[in-house]
Amino acid sequence: MEEKDLQLAKAMASLEVEDNKLAKTVVSRMQDRTKIFSNTQFFLLGEPVEQRRRTRSLNAPSPIQQFGPCGRIMKNSAMVMTIQDPASQRLTWYKPPLSVLVIKKVRDSSVLPPFVQLVTWLIEEKRMVVFVEATVLEDSALARDLRFQGVRDRLQTFRDGTDDLQDRIDFIICLGGDGTLLYAGLLFQQSVPPVMAFHLGSLGFLTPFEFDNFQEQVTNVLEGHAALTLRSRLRCIIMRKEEEGQPSKSPTNLLVLNEVVIDRGPSPYLSNIDLFIDGKYVTNVQGDGLIVSTPTGSTAYAVAAGASVMHPSVPAIMITPICPHSLSFRPIVVPAGVELKISVSRDSRNTSWVSFDGRNRQELFHGDSLQVTTSVYPVPSICAADQITDWFESLAEGLQWNVRKRQKHLDELSDLTHSSSNDTLDSLDRDS
């Protein structure tokens, strides 16, 4: 193909095109293209093609930003976030972690023995500073544990909403179900330390580690031998309507890991809310409400409302209606970089209610708006194996994804048919 292009350019030059200078330019461009294509036989963007072949990651490599001889993507100073190849996301410590936050499932006595075992080992064997929530120490069952009494006074405590843990925690360990990981994300509204979640709850979709050999697994992570899943979060800001003569209200600003839900609350009327994307009106939602979720949240409320299941490394935002009064309103997926604006319609008969990962529920009045976009602060979730294995095992074990009886092989069917036909002939012989 390159030689044909070059011959064409030379032919144009030989025909004495009106502008000889233009013809020379065409020839030089074709020669440059020939060089580029010959180089890409071995290298692409300065990397060997062999190294850029992908077999396990869900995201493609960064696309070439030049299209043909003249076209290219315009450089934009607002492009500040680069999506890294998920297959290359591995944990590393630029200095040894010294402090660890242990979050345990509340009101579950079965988690107490693993909790005591873990914090004792972290303090005595790993010499780490261990933080726990102050309410954990108020458990009467822990007060009766003799082994725990030996380390109780060496624990650091905090209270949610009072103490700021930002920049004090190097590492997080969760003991329980998915709610413990959601709570870890709630505690850190900016950068989140790496999170290692042990499955001691009921579903355990986000908790890939088993507690049996926790010493070996935690040691591997502390030594930096672990893959990461960067679970994106949503930045949610409620802008309140300004009333004349009233002081302006400070906006609610929260990060969520699963979803933000807008619903009709206790009202008997339909939700009537307007949806905007990047400042452009998209649609009006009439139904029980709307779910705006991350890919991680696609297996939570969204999947129950009919949304697709999405791998947490996919950069996207999911928009799922709740019981829409329309036969054609299907869930949609939009790019992670867009900004959503949701507001109560002017002609709505009622207000709406909004909740963030099931918490901080509050009313959305006429004139208020909710702004949602992808945050630059993901939750770095540590993988037990890798991103693909962990996720598909969670789908199979947690949601029984694609569980079905295996179809029989043709040989098995022929055996069954043959035996049944013989049985029929034998029965006919007996009858005769």
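Visitor: Is phenylalanine 392 buried, partly exposed or exposed?

Guide: Burial is read from relative accessible area, with partly exposed lying between under 20% for buried and over 50% for exposed. In this predicted model, phenylalanine 392 has a relative accessible area of 35%, so it is partly exposed. Tryptophan 401 has a value of 47% and is partly exposed as well.

Visitor: How many aromatic pairs are there in the whole structure?

Guide: A search of the whole structure gives nine. Take phenylalanine 198 and phenylalanine 209: their ring centres are 5.7 Å apart and the planes meet at 50°, so this pair is tilted.

Visitor: Where do phenylalanine 198 and phenylalanine 209 lie?

Guide: Phenylalanine 198 is in strand 9 (residues 195–199), while phenylalanine 209 is in the loop between strand 9 and helix 8 (214–222). The pair therefore ties together parts that are eleven residues apart in sequence. Phenylalanine 198 is buried, at 0% relative accessibility, and phenylalanine 209 is buried at 4%.

Visitor: What are the ring distance and plane angle for phenylalanine 392 and tryptophan 401?

Guide: Their ring centres are 5.7 Å apart and their planes are at 50°, so this pair is tilted.

Visitor: Which residues form an aromatic cluster?

Guide: Trp121, Phe198, Phe209, Phe211 and Phe214 make up one such cluster.

Visitor: Which charged residue sits over the ring of phenylalanine 276?

Guide: A charge over a ring is judged by its distance from the ring centre, within 6 Å, and by its direction, within 35 degrees of the ring normal. Here the charged end of lysine 341 lies 5.4 Å from the centre of the phenylalanine 276 ring.

Visitor: Which elements give two or more residues to the lining of the largest cavity?

Guide: Strand 10 (228–231), strand 23 (379–382) and helix 10 (387–399) do. Helix 10 has the largest share of that lining, with four residues. Sorted by class, the lining of the largest cavity has seven nonpolar, five polar and two charged residues.

Visitor: What lines the second largest cavity?

Guide: Arg240, Lys241, Glu242, Glu243, Gln246, Pro247, Ser248 and Lys249 line the second largest cavity, which holds about 50 Å³ of space. By class, that lining has five charged, two polar and one nonpolar residues.

Visitor: How many helices and strands does the protein have?

Guide: It has eleven helices and 23 strands. Of its 432 residues, 40% count as buried. Among contacts between residues at least 6 apart in sequence, 68% join residues at least 24 apart.

Methods
Residues numbered from 1 in each chain as written. Predicted model: local features only at pLDDT ≥ 70, side-chain atom pairs only at ≥ 80, totals over all residues. Heavy atoms only, no water. Phe/Tyr/Trp six-rings, centres within 6.5 Å; stacked < 30°, edge-to-face > 60°. Buried < 20%, exposed > 50% of the residue type's maximum accessible area, 1.4 Å probe, protein only. Nonpolar A, V, L, I, M, F, W, Y, C, P; charged D, E, K, R; others polar. 1 Å grid on protein atoms, 1.4 Å probe; cavity = no way out; pocket = protein on both sides within 12 Å on 5 of 7 lines; lining within 4 Å. Points joined across faces, edges and corners; volume = space filled by probe spheres on them. Contact = heavy atoms within 4.5 Å.
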